[in-house]
Amino acid sequence: MTTFFPSDLTGQTRCAGCQQSEPLGFDFDFAYQPIVDLGKGAVFAREALVRGPGGEGALSVLNQVTDSNRYRFDQLCRTKAIAAAATLGLQESLSINFLPNAVYRPELCIRSTLAAAREHGFPLERLIFETVETEHVASNHLTHILREYQQFGFKTAIDDFGAGHSGLTLLAEFQPDLVKLDMALIRDIDRDQVRRTIVRNLIVMCRELGTQVIAEGVETVAERDCLRDLGIELMQGYLFAKPAFKQLVDPQHLGGGH
């Protein structure tokens, strides 16, 4: 895939968020957690997880995000994650969380992201934007954003799938590149027939829609092996690696007898 950058990244056209957002007033950094591909025995992508400047937990940062600085925070999350990943020499895809209610017009709000990718030589097809569907965001707004992002060449992901109020409705309107099954569906799946049945059918459905499935929150070898037997190769969780502050760590437990 050829990386595409719009010719005008520096124009003065701005949306309401650009015009109204106030300075952030606090700093933050990232920890990186691998998403592994068991079929290849390698890292598929790394998720950038927001942390305080000294490695403090995500809530120490997110509790400072308000309606008045939400847009600036979302923009900085994208540009800082790309810059930091490039500095660390990230070779896999980079997964960045975004706030749908901080995006006013995606074709304008994405400009700083495109500029950061161009500056750091980060291919757009290696950027994954993931979000959680919530009742606080109109589904048509979210699907519009995700469609625009696919047009730019980004991959898209729905996080915590199975935990929200309208996951299947959203999937009917938009088919992302990836869905990340909520960890509540994954916990003890090796001992829970009901969870296995639900996940097995979600896998079939996503496969028919052309969407890859990631199991997140995998903590035990038994969960890993059960999920792989069900047909999932992409996984994330403490079994493989905890988030590492400003580091790219090698995952563990990529085997499994397959």
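I looked up the largest nonpolar core first: it holds 61 residues, and Leu94 and Leu127 touch the most other members. A nonpolar core here is a set of buried Ala, Val, Leu, Ile, Met, Phe, Trp, Tyr and Cys residues joined through side-chain atoms within 4.5 Å. Buried means under 20% relative accessible area, exposed over 50%, and partly exposed in between, with a 1.4 Å probe and protein chains only. Helix 3 (residues 70-88) gives the most to this core, namely six residues. I then found another core lying apart from it, of eight residues, including Ile128, Ala157, Leu178 and Leu234.

I note that this is a predicted model, in which local features need pLDDT of at least 70 and side-chain atom pairs count only at pLDDT 80 or more, while totals for chains, interfaces and linings use all residues. Residues are numbered from 1 along each chain as its sequence is written, and side-chain values use heavy atoms, with hydrogens and water left out.

**Leu127.** I listed its contacts, leaving out residues up to four places away in sequence: Ile82, Leu94, Ile96, Ala117, Phe122, Phe154 and Lys155. Contact means heavy atoms within 4.5 Å.

**Whole chain.** I counted ten helices and nine strands in the protein chain. Both are DSSP runs numbered from the N terminus, helices being H or I of at least four residues and strands E of at least two. Of the 258 residues, 49% count as buried. Among contacts between residues at least 6 apart in sequence, 70% join residues at least 24 apart.

**Helices 3 and 5.** I checked this pair next: the axes come within 9 Å and cross at roughly 10 degrees. Axes are lines fitted to C-alpha atoms, for helices over the stretch in contact, and angles run from 0 to 180 degrees between N-to-C directions. Helix 3 and helix 5 are therefore roughly parallel to each other. Angles under 35 degrees count as roughly parallel, over 145 as roughly antiparallel, 65 to 115 as roughly perpendicular and the rest as oblique. Gln75, Arg78, Thr79 and Ile82 of helix 3 meet Ser112, Thr113, Ala116 and Ala117 of helix 5. In helix 5 (residues 111-119), I find Arg111, Thr113, Leu114, Ala116 and Ala117 buried. Gly121 follows helix 5 and has a positive phi, near 65 degrees.

**Helices 9 and 10.** Helix 9 (residues 193-209) and helix 10 (residues 221-230) pack at about 45 degrees, with axes 10 Å apart. I therefore log them as oblique to each other. The contact is made by Arg196, Val199, Arg200 and Ile203 of helix 9 with Cys226, Leu227 and Leu230 of helix 10.

**Leu24.** I located Leu24 in the loop between helix 1 (16-20) and strand 1 (29-37). Leu24 counts as buried, at 11% relative accessibility. Leaving out residues up to four places away in sequence, Leu24 touches Asn69, Arg72, Phe73 and Leu76. The C-alpha atoms of Leu24 and Thr66 are separated by 9.6 Å, though 42 residues apart along the chain.

Most residues other than glycine have a negative phi. Asp160 is not a glycine, yet its phi is positive, about 55 degrees. I place Asp160 in strand 5 (residues 155-161), partly exposed at a relative accessible area of 24%. Lys246 is not a glycine either and has a positive phi of about 55 degrees. Lys246 is in the segment after strand 9 (244-245) and counts as partly exposed, at 42% relative accessibility.
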